[in-house]
Amino acid sequence: MEPQIKQEEQEEERSNPQKLLWMFTLATIMKLLLIPSYHSTDFEVHRHWLALTSSLPLHQWYSDSTSQWTLDYPPLFAYFERLLALFAPFIDPQIAHLHNGLNYAAPTALLFQRLTVIASDLCLLYACSRLRTRPGLGLDSWRADLIWVLLVFSPGLLIVDHVHFQYNGFLIGWLLVSVSAVEEGRDLVGGRSGGGVVEGFGRLLKMGFVVGVVFGVAFGPFLYYGQIKAVLSRMFPFGRGLCHAYWAPNFWVFYIILDKVLAVLLTKLGFSIPASSASFTGGLVGESSSFAVLPKITPLVTFLLVLFAMSPCLIKIWREPRPRLITRWVAYAYTCGFLFGWHVHEKASLHFVIPLAIVATESLADARQYFLLSIGFTQRLRKLQTSTSSAKKGDKERSRKGTGGTKEEGGGTLIGWVGMSYLLGLLAVEIWGQFLQPYLLGDRFPFLPLMLISVYCAVAFDSQHGTKN
């Protein structure tokens with residue numbers, strides 16, 4: 001009987017890659033159907049970067065101002081755009097033309113750029129294949145399948161990459177490859193060190209060399225041409241202000257609202273409150289706003305807050321390094337950055353929501369947390385991924401030998417009445433913004449829907465911030 005069971009397990013193991021390929025193929029078909037859909041200004045941003053990197057010498061990439069969409073991504077991504085530019089002339093030469101291509105959105109350009117995003121998602125496919133068997137976690141077949149579903153069919157990635165237009169699937173794929181390497185103990189590939197003093201020092205030197213080579217490849221040419229200052233000023237545009245035009249639902253939403261409320265109250269009490277130099281809800285990226293009452297927040301303050309929020313996790317990692325918990329820790333670190341960071345974009349939520357999809361299969365509490373956060377950050381979709389509900393079925397108790405698992409807390413349903421109330425409230429906010437406000441208020445208070453969504457999601461985000469580390 002045992003040989004038969006083992007044979008069935010081996011057959012199931014071999015079939016897993018086929019399941020992943022089927023999922024990825026289906027997701028690719030969905031992405032192809034989205035090609036003619038709406039795209040944001042980021043479409044022109046990336047088209048211009050493609051043209052810029054192919055038309056100008058490297059030392060002018062971060063100083064050119066032909067377009068308002070100046071290059072502000074790290075050099076390795078600029079090299080990636082340069083690689084894509086090699087293929088653009090075969091489809092339409094004007095795509096990669098620095099001047100004639102400005103605001104060029106012909107069907108050929110749309111098709112080419114959409115296909116580059118779809119093709120770059122192969123990196124995400126490779127990352128998913130590496131997560132099939134996570135060392136020491138006893139990952140069952142159904143858990144592996146569930147993780148694949150949550151990653152390959154992530155509504156956030158579909159919206160941001162294949163509608164809005166970005167390359168987050170490609171970049172997050174690299175992140176997950178690195179995380180999986182650390183889980184396997186492949187320090188140099190994943191980028192971690194550890195062990196005893198002597199062994200740890202040796203690994204530190206090796207890792208330092210590898211990291212140095214990567215930085216050398218990325219920044220070396222710009223250092224040679226004396227362009228490092230230009231690169232850093234573009235990569236860290238602190239002049240854009242504390243908040244992005246579309247507020248990320250983080251701590252600073254409450255800070256802004258409190259400042260505005262205090263300004264109104266103090267004005268009514270007879271105090272002279274100067275008006276802000278710019279509006280936080282103006283919608284113009286690049287405008288920096290001052291506060292009317294509360295102290296001005298600087299980039300240094302946000303950096304210190306992020307570091308302070310991360311410190312419990314960092315201390316725990318230092319005292320007790322456990323590679324199999326790296327995915328959870330990465331999610332926690334990105335969460336801290338999202339919560340207190342400077343000029344945070346909403347798309348930054350993908351950096352912790354996607355890793356949490358992997359953690360979600362470990363316990364009902366993790367599944368609940370992922371479920372609510374993923375919905376909170378894809379609130380514009382009506383049909384969301386609810387596959388995490390499977391996490392409450394057949395969850396086996398695992399041993400504590402470094403598995404990183406967490407105990408079930410109370411059992412029960414996936415989200416409970418509190419979570420259901422939150423989802424219903426989110427639906428109410430959307431109904432107000434999409435239907436009731438235009439009917440009741442017309443063109444007045446155009447910032448209100450944005451503010452309500454940001455504040456409402458920020459409340460849920462803060463309540464879920466206690467990611468187990």
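pLDDT is the predictor's confidence in each residue, on a scale from 0 to 100. The protein averages a pLDDT of 80, and 77% of the residues score at least 70. This is a predicted model, in which local features need pLDDT of at least 70 and side-chain atom pairs count only at pLDDT 80 or more, while totals for chains, interfaces and linings use all residues. Residues are numbered from 1 along each chain as its sequence is written, and side-chain values use heavy atoms, with hydrogens and water left out.

Two stretches call for caution. Over residues 281–288, pLDDT stays under 50. The model has 17 contacts for them beyond four places in sequence, a contact being heavy atoms within 4.5 Å. Residues 379–411 also stay under 50. Their contacts beyond four places in sequence number 75.

Next, the record. The unreviewed UniProt entry lists "transmembrane region" for residues 20–39, 111–129, 141–159, 204–226, 297–318, 414–433 and 445–461. Such positions are given in the numbering used here, feature names are shortened, and annotations may be inferred rather than shown by experiment. Residues 111–129 are 95% helix and 0% strand in the model. Their end C-alpha atoms are 28 Å apart. Residues 297–318 are 91% helix and 0% strand, with end C-alpha atoms 30 Å apart. Helices (H or I, at least four residues) and strands (E, at least two) are DSSP runs, numbered from the N terminus.

Now the packing around H5. The axes of helix H5 (residues 107–120) and helix H8 (residues 155–165) come within 10 Å and cross at roughly 160°. Axes are lines fitted to C-alpha atoms, for helices over the stretch in contact, and angles run from 0 to 180 degrees between N-to-C directions. H5 and H8 are therefore roughly antiparallel (over 145 degrees; under 35 is roughly parallel, 65 to 115 roughly perpendicular, the rest oblique). Gln113, Arg114, Val117 and Ile118 of H5 meet Asp161, His162, Val163 and Phe165 of H8. This contact has 4 nonpolar, 2 polar and 2 charged residues. Ala, Val, Leu, Ile, Met, Phe, Trp, Tyr, Cys and Pro count as nonpolar, Asp, Glu, Lys and Arg as charged, and the others, Gly among them, as polar.

Helix H2 (residues 42–55) also packs on H5, at about 85° with the axes 11 Å apart. H2 and H5 are therefore roughly perpendicular. From H2 come Phe43, His46, Arg47 and Leu50; from H5 come Ala109, Leu110, Phe112 and Gln113. These residues divide into 5 nonpolar, 2 polar and 1 charged.

Finally, H6 and H9. The axes of helix H6 (residues 122–130) and helix H9 (residues 168–183) come within 7 Å and cross at roughly 25°. That makes H6 roughly parallel to H9. Cys123, Leu124, Tyr126, Ala127 and Arg130 of H6 make the contact with H9 residues including Phe170, Trp174 and Leu176. The contact residues divide into 9 nonpolar, 3 polar and 1 charged.
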